[in-house]
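Here are my notes on the model, as numbered points. Please read them with the coordinates open.

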Amino acid sequence: MSTGSLEAGDAAAAAVAKTVNRVTLANLEARVETVQFFQPEIAPELTICVMKLTNGFVLVGKSAPADPANFNQELGAKFAREDCIRQMWPLEGYLLRELLSAAAEATAGIDAAKAEG
């Protein structure tokens, strides 16, 4: 499903990136295993997206117009899915930072061992 604004933001970030170490929209999309959409009977203009990631983690996104008369099912699903993707971005950013930190610590340890040796 095309995400539009997310794609534009990802492209803008790629244009100014100085290294390959970044979370991309493609990285996020690759982690999506299953997506389901719901409209509750008590609020049929509300769209809920439940997104299960490949590691089993589950995100819940939502979307609803201020005026129920403006409800559009396709847009509701798009916006609810985007909500899930936006929630995933900082989680993946944290994971990447942890990996980069661990790699830097390992390199520092190797450099220290060489200096002693």
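Notes on the fold and selected residues

1. M51 in β2 is the bridge partner of V35. The model is a predicted one, in which local features need pLDDT of at least 70 and side-chain atom pairs count only at pLDDT 80 or more, while totals for chains, interfaces and linings use all residues. Residues are numbered from 1 along each chain as its sequence is written, and side-chain values use heavy atoms, with hydrogens and water left out.

2. Three helices and three strands make up the secondary structure of the chain, in the order α-α-β-β-β-α along the sequence. Helices (H or I, at least four residues) and strands (E, at least two) are DSSP runs numbered from the N terminus.

3. The radius of gyration of the chain is 19 Å, whereas a compact globule of 117 residues would have a value near 13 Å. That quantity is taken over C-alpha atoms, and the globule rule is 2.2 Å times the number of residues to the power 0.38. The C-alpha trace spans about 75 × 30 × 20 Å along its principal axes. Of the 117 residues, 22% are buried; buried means under 20% relative accessible area, exposed over 50%, and partly exposed in between, with a 1.4 Å probe and protein chains only.

4. Contacts (heavy atoms within 4.5 Å) can be sorted by sequence separation. Among those between residues at least 6 apart in sequence, 48% join residues at least 24 apart.

5. Strand β1 (residues 32-38) runs antiparallel to β2 and is joined to β2 by six bridges. Strand β3 (residues 58-63) also pairs with β2 in the antiparallel sense, over six bridges. Two strands count as paired if DSSP finds at least two bridges between them. Four residues separate β2 and β3 in a hairpin, and G56 in the turn has a positive phi of about 95°.

6. The largest nonpolar core has 13 residues, and V32, M51, L53, L59, I85 and M88 touch the most other members. α2, β2 and α3 (73-116) are the elements that give two or more residues to this core, and α3 supplies the largest share, four residues. Such a core is a set of buried Ala, Val, Leu, Ile, Met, Phe, Trp, Tyr and Cys residues joined through side-chain atoms within 4.5 Å. M51, leaving aside neighbours within four places in sequence, is in contact with V32, T34, V35, F57, V58, L59, R81, C84, I85 and M88.

7. How many disulfides does a search of the whole structure find? The result is zero, with a disulfide taken as a pair of cysteine sulfur atoms within 2.5 Å. C49 is in none, and the nearest cysteine sulfur, in C84, is 3.8 Å away. C49 is buried at 0% relative accessibility, and C84 is buried with a relative accessible area of 0%. C49 stands opposite G61 in β3.

8. D10 belongs to helix α1. Is D10 buried or exposed? D10 counts as buried because its relative accessible area is 15%. A polar atom of the D10 side chain lies 3.3 Å from the backbone nitrogen of L25. A polar contact is a pair of N or O atoms within 3.5 Å; within protein, one must be able to donate a hydrogen and the other to accept it, and residues adjacent in sequence count only if both atoms are side-chain atoms. Residues up to four places away in sequence aside, D10 touches R22, V23, T24, L25 and W89.

9. T19 sits in the loop between α1 (5-16) and α2 (25-30). Its relative accessibility is 46%, so T19 counts as partly exposed. The T19 side chain reaches the backbone nitrogen of N21 at 3.1 Å. T19 and Q87 are 68 residues apart in sequence, and their C-alpha atoms are 23 Å apart in space.

10. S63 is in strand β3 and is buried, with a relative accessible area of 13%. Not counting residues up to four places away in sequence, S63 touches E45, L46, T47, G76, F79 and A80.
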